[in-house]
Amino acid sequence: MTWFLRIVCAGAILQSWACTGPQASGVPDSGIFTPGGSGGATGSPDASSFSTGGAEAKPEATGGSSEVGDGPNDEPPAPAKDAGLEVGAVAGQLVCDTGRLGNGQSRLTTGDPPEWGLKAGVVPGKLTPRASFLSNAFGKHFPFVIYTSANYVMGQPATLLVFGDGGQYLSDFHAQTVLDNLTAAGDMPPTVGLFIDPPSDGDRVQTYDPPLDKYPTLLASEIIPSVIIGKYSVSSDPNAWVVVGYSASGGQGWNVIWKKPDRFHKFIGHSASVGAANVAMYGNVNWVDIVKMSPKHDLRVSLTTCDRDLTDTRGNWKTILTNLFTALTDKGNDTRLVVGPSGHYPPIDGERDFPNSLRWMFQGCKFAK
């Protein structure tokens, strides 16, 4: 049976005083809806078929280059339109009875997790071909791939996980196999994953580090409406939307969920580069103080750090992340902090904790019938 689910945009972009650069350019957020489906169709469309309304999300050429050539299809995508909520539309709500199991601070005690290998009988999910998206906010091309778990069914709601440093999560974090195992075991609901790399024609640090509105705009108003909404039946419930990131992409992921609380309620950060008070760059943004002094946001947050995490002009990252964990916990948020024995790079502690962070994020969660 064909059905549609749409939600109302939750209003204007949150004007967080953490943002020191220009505010969002006025591009409206898209209404989020699930497309009609045949009820039993599975799988996902090929990325080469995505139409962005002006910019084509084109598969990359064989050889791995993420560049796309100049031409008529390299125009920025048209602004997404708002959509209303159909009366009585309730499908897609993620109902969770999480309890407090796993909350708090703990030490990483496990080695390589068994979820890095595909378990017997588990059917792997699907990845689209690598494609490139031209962002209007950045004027840059962002390579991406889309994952669908084997139990994803078009027309039925799925969670949406958005990964910064997407290629690293697919390789070092074994993200596809981990998601295959956890969705097959029922530890996670059916899942759509959007793995986004830094721009092929830009700088990773300058993309991820500044806590401006550009990256939240890229996600909420550009790439998700263009390549996910209308093509995959993701839930409209912000409790089903997760941002995941490592180091700089983790810092930007935190920026996203703080400024887009109407979209994302969940965050997984691995040695995330959140700033402290002694930051000389980016306006001395101190996220710990912002959390303490702001009204509580409806967030569920998993953080990892390590004994030999980085120390730079922002301070000691283990200390900063511990302070962020404490500030969130004091606000009443469900938060976990896992500390490992290793260093910032490679992020082996975050990689090993990744399956458990996902289990904790979705424990007790099921979609309402």
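Author: Start with the nonpolar core: a set of buried Ala, Val, Leu, Ile, Met, Phe, Trp, Tyr and Cys residues joined through side-chain atoms within 4.5 Å. In soluble globular proteins, nonpolar side chains tend to be buried together. This is a predicted model. Its largest nonpolar core has 79 residues, and L194, I223, I224, I228 and W254 have the most contacts inside that core. Helix α7 (residues 317-330) gives the most to this core, namely seven residues.

Reader: Which residues is I224 in contact with, leaving aside its neighbours within four places in sequence?

Author: I224 is in contact with L160, V162, L194, L218, L219, I229, W241 and F264.

Reader: How many disulfides does the structure hold?

Author: A disulfide is a covalent bond between the sulfur atoms of two cysteines. The structure holds one. The sulfur atoms of C96 and C365 are 2.0 Å apart, and the link is right-handed, with 110 degrees about the S-S bond. Because C96 lies in strand β4 (residues 94-96) and C365 in strand β17 (residues 365-367), the pair ties together parts that are 269 residues apart in sequence.

Reader: Is C365 buried or exposed?

Author: Buried means under 20% relative accessible area. C365 has 9% relative accessibility, so C365 counts as buried. C96, at 33%, counts as partly exposed.

Reader: Where does the kink in α8 lie?

Author: The kink, of about 50 degrees, is at F354, shortly before the proline P355. Eleven of the 15 residues of α8 are buried, so the helix is largely enclosed by the rest of the structure. Among the buried ones are F354, P355, W360 and F362. After α8 comes G364, with a positive phi near 75 degrees.

Methods
Residues numbered from 1 in each chain as written. Predicted model: local features only at pLDDT ≥ 70, side-chain atom pairs only at ≥ 80, totals over all residues. Heavy atoms only, no water. Bend = angle between axes of the 7 residues up to and from the residue. Helix = DSSP H or I, 4+ residues; strand = E, 2+ residues; numbered from the N terminus. Buried < 20%, exposed > 50% of the residue type's maximum accessible area, 1.4 Å probe, protein only. Contact = heavy atoms within 4.5 Å. Disulfide = S-S within 2.5 Å.
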